[in-house]
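Work through the exercises below with the sequence and the model at hand. Try each task before reading its solution.

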Amino acid sequence: MAKPAQGAKYRGSIHDFPDFDPSQDAEALYAAMKGFGSDKEAILELITTRSNRQRQEVCQSYKSLYGKDLMADLKSELSGDLARLILGLMMPPAHYDAKQLKKAMEGAGTDEKAYHKSLEDALSSDTSGHFRRILISLATGNREEGGEDRDRAREDAQVAAEILEIADTPSGDKTSLETRFMMILCTRSYPHLRRVFQEFIKMTNYDVEHTIKKEMSGDVRDAFVAIVQSVKNKPLFFADKLYKSMKGAGTDEKTLTRIMISRSEIDLLNIRREFIEKYDMSLHQAIEGDTSGDFLKALLAVCGGED
């Protein structure tokens, strides 16, 4: 599997729009929504070609020009999958991610007005034990910066080997070992973790992901596997998730939408490259074969081209 080169450049498909004028954009959106029936193509064309920072400025200009909330107006003009995509693109990324986490925890019937608890409180009350600690650690986002440290990587790999029961486990308590392993996965920098996985192979002759799948179970296993896969190759991790959201009968539009929005300004071009390399079709083709109408047009605009 192609691994990103050390220090690989991650590139999104959406960038700042040149010659940007927030007032002009606000006027264009107002005109597209005025009167009977909205000009959905004009709305999606404008929103998918502005960066998130620029969309926030358009929201402010709209408010000062018309005294109205752009999000509320868009919500009343759009519906279904297209609304979910466009409104998601309009949200500041941190707000969008928090909202998706909240929905994932509550499952069906999300009461959006109930989003007054802090993310950590919500995670604490809706999940349990180790899984809760993993989610809180990831959600609070305090991952270290910087490169690898070989000696520390060997120590970290030893903890992993002990917890996965393929090294001589000292008389240490298993729960505290699991917590240490979780802290390693959730807080070390990505380059350092890649070194830990290499040291783990040297030490045990096993791949850490394969061993987690074999030795652990339930939510904790799934969370650890997802972290390991994204550390190994984040664009490939998301390419796999996108492929799964579209293959077989029925599309998982929510997952498809969430990844396209959240990666659009980060590494969607890298995800596209991994997608075509692994699945022998472009992300563009997969979206075309699986969605339709304005939702399809908006997704293709976010995708940013054919490979």
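**Exercise 1.** Which residues does V228 touch, not counting residues up to four places away in sequence?

*Solution.* The model is predicted: local features need pLDDT of at least 70, side-chain atom pairs count only at pLDDT 80 or more, and totals for chains, interfaces and linings use all residues. Residues are numbered from 1 along each chain as its sequence is written, and side-chain values use heavy atoms, with hydrogens and water left out.

Step 1. Apply the contact rule, heavy atoms within 4.5 Å. The partners of V228 are L185, F197, V208, E209 and I212.

**Exercise 2.** Is V228 buried or exposed?

*Solution.* Buried means under 20% relative accessible area, exposed over 50%, and partly exposed in between (1.4 Å probe, protein chains only). V228 has a relative accessible area of 0%, so V228 is buried.

**Exercise 3.** What span should helix α3 have, at 1.5 Å a residue?

*Solution.* Step 1. The expected span is 1.5 Å times one less than the number of residues.

Step 1. Helix α3 (residues 52-66) has 15 residues, so the span should be 21 Å. The end C-alpha atoms of α3 are 21 Å apart, which agrees.

Step 2. Look past the end of the helix: G67 follows α3 and has a positive phi, near 65 degrees.

Methods: Helices (H or I, at least four residues) and strands (E, at least two) are DSSP runs, numbered from the N terminus.
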